Amino acid sequence: MSPAPARTAHDIGSRALTWLHANREHGALSDVPRADLADEAEAYKAVGETALAASLVLRSGVAGTAELGLARELLEFCWGQLDDGSLLYERMLRHPLATDPMETYAHFFRGGYRHPKVERLIAHTVALRSTHVVEHIPNRRLAVANAARVVGLDHGPGASDWAGLTRATWLGATPEPWHIDWLTGYSVTHTAFHLTDWGRLPDGLPTDLAHYLTRWLPVWTDIWAEAGQWDLMAELMIVGTCLPEPWTEDDDWQRLAAVQHADGMVPRDDQPVDGDAAQRFDAHQHPTIVALIAGTLALVRALDTPKQPGS
Amino acid sequence: MISERARTAHSESADQLARRALDALQGTGGAAVAAAHVESASSGSDGDPAVALGAVRILGADVLAPYILTGQSPPAGETETLGLALGALPPTDPPPAAPPDGPEQAWTMAWIDWGLSTALSRLDPARSPAPAAPLPQAPPRCDDSAPRHLPPTPAPEGGDRAHGSDGTAREGWVPWSVRMGQLASLALPGLDGPVHDAARSGVLGLARGATRATLRRDFPTAARITRWLAWLDADGQRLPLDPMLLTEHTGLLGGGDRTALDTAVARRLLGVEAV
């Protein structure tokens, strides 16, 4: 990546982080009854996604002091919303087959948080065959495998069959690239995210999948950019940063910068943005998280990729 | 400047001519294509022979596809009609320069004329009524690593031979593949030249372009670009996707006579008999 888009990527991520931090209270779980939180994964999904983005900023090694401070406060806020992890523990006790507490815990683990009782329960859960055959869609099973890997429990009898899990996904079959749809686009991005632990392990993508993505990502990014699907477009840009040879185009970063609002919010699509601050947070928190991750990972790869001679 | 109404008339006439070519190819209509089309326009109350001859120039070598692909000889009158179409407004000589130096549309038409004239002389060398059309300049080359929407961009002064450039302009795969689609009537057996060389060196760009057009549900463009993939398959090139499945897909989901003709030609190139 040349210096200009690296700067654009940094600015996008930095502004997105500022908005997520400034609006974090809109994601507070205080109004949700605790029993609902233990019963409904959807109720705390946004907290988990915010924690993921914050943990990646902290992991990146490229964030400035101010950004590290915001990311740390954001992760601390999310941890507090989950009652320092106790809520995840309660949910695991009540729903032993639910994997989302383990997936969410991995984000905090990455950011340095620990909850020993949650971890003991995860270690037990990962050892069960049952956990590995929960009837998730295939890319979600990779999310579970990656969570176990992040927490350091992907070994022994409970280790995941990464190759088998990968081949079960849509991407793993390297299908006709012209027969993808919007929802399957998200399946592709998540398969790449989990295989590489969000860009940390680019070689986690099997060689043939990396080649396949290198060929077709430019097409998919183009059509969803044209359709104004900024959320999916930015997720595909993250996939580009997860490849062994990162793929990026300056125009995509310029477009993402152009759609980002002055306060840092990134709208999910090209439809008008309306509603009060809480409604805006609800509707556009996800694409703004995606933009933060995209900007962060792009900068990491720009700095760790050796420059081509003459570039 | 051509009016919208005149444009529509030419486009409708080209569709009808494509249907005649398709019928002739599949053996479901008469063996005459261009001659029957112009004859019909001359005899009908609302027909215009000039528009019908213009349609021949729009379809280019595709009016000869039924004979090229089946080995049958064109019936009497067919070559004369094509001579008339080429003679009515002879191809510009010398042809305009390739983009970005020359005008896009005129250069494209020069290639389509070359295709028609060359196919005609190959098919019926003794009776070819038109002089060979001049060979236009080669198209820009597809640069897979350039920004995908990069317009034709002149190569650095003196070329960049160290990076495999021969001095021709380079272009992103999106506009490049769309333009190759506009030249799809050249994707026929027996035609070979600089456009075909560009296709050979732009396999990934064509595959991406066909994929993009299909996902955008622009099936006419998808079918045209896919036809190049079929031509490359017949040429022995390795492709990054299965041209047969994509041909079936665009044929089943797309509509219109020209798309149906592109699909039928692609199927022949791939060695599958027409449905």
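Tutor: A residue counts as buried if 20 or more other C-beta atoms, placed from the backbone, lie within 10 Å of its own, as exposed if 12 or fewer do, and as partly exposed in between. A:V300 has 21 C-beta neighbours inside 10 Å and therefore counts as buried. This is a predicted model, in which local features need pLDDT of at least 70 and side-chain atom pairs count only at pLDDT 80 or more, while totals for chains, interfaces and linings use all residues. Residues are numbered from 1 along each chain as its sequence is written, and chains are lettered from A and ligands numbered from 1 in the order in which they are written.

Student: Where does A:V300 lie, and with which residues is A:V300 in contact, leaving aside neighbours within four places in sequence?

Tutor: Helix α15 of chain A, residues 277–304, contains A:V300; helices are DSSP runs of H or I with at least four residues, strands are E runs of at least two, and both are numbered from the N terminus. Contact requires C-beta atoms, placed from the backbone, within 7 Å, and by that criterion A:V300 is in contact with A:S60, A:V62 and A:G199. A:V62 is 238 residues away from A:V300 in sequence, yet their C-alpha atoms are 6.4 Å apart.

Student: What percentage of the residues in chain A is buried, and how many helices and strands does chain A have?

Tutor: Of its 311 residues, 52% are buried, and chain A has 15 helices and 0 strands.

Technical notes
Two residues are in contact if their C-beta atoms, placed from the backbone, lie within 7 Å.
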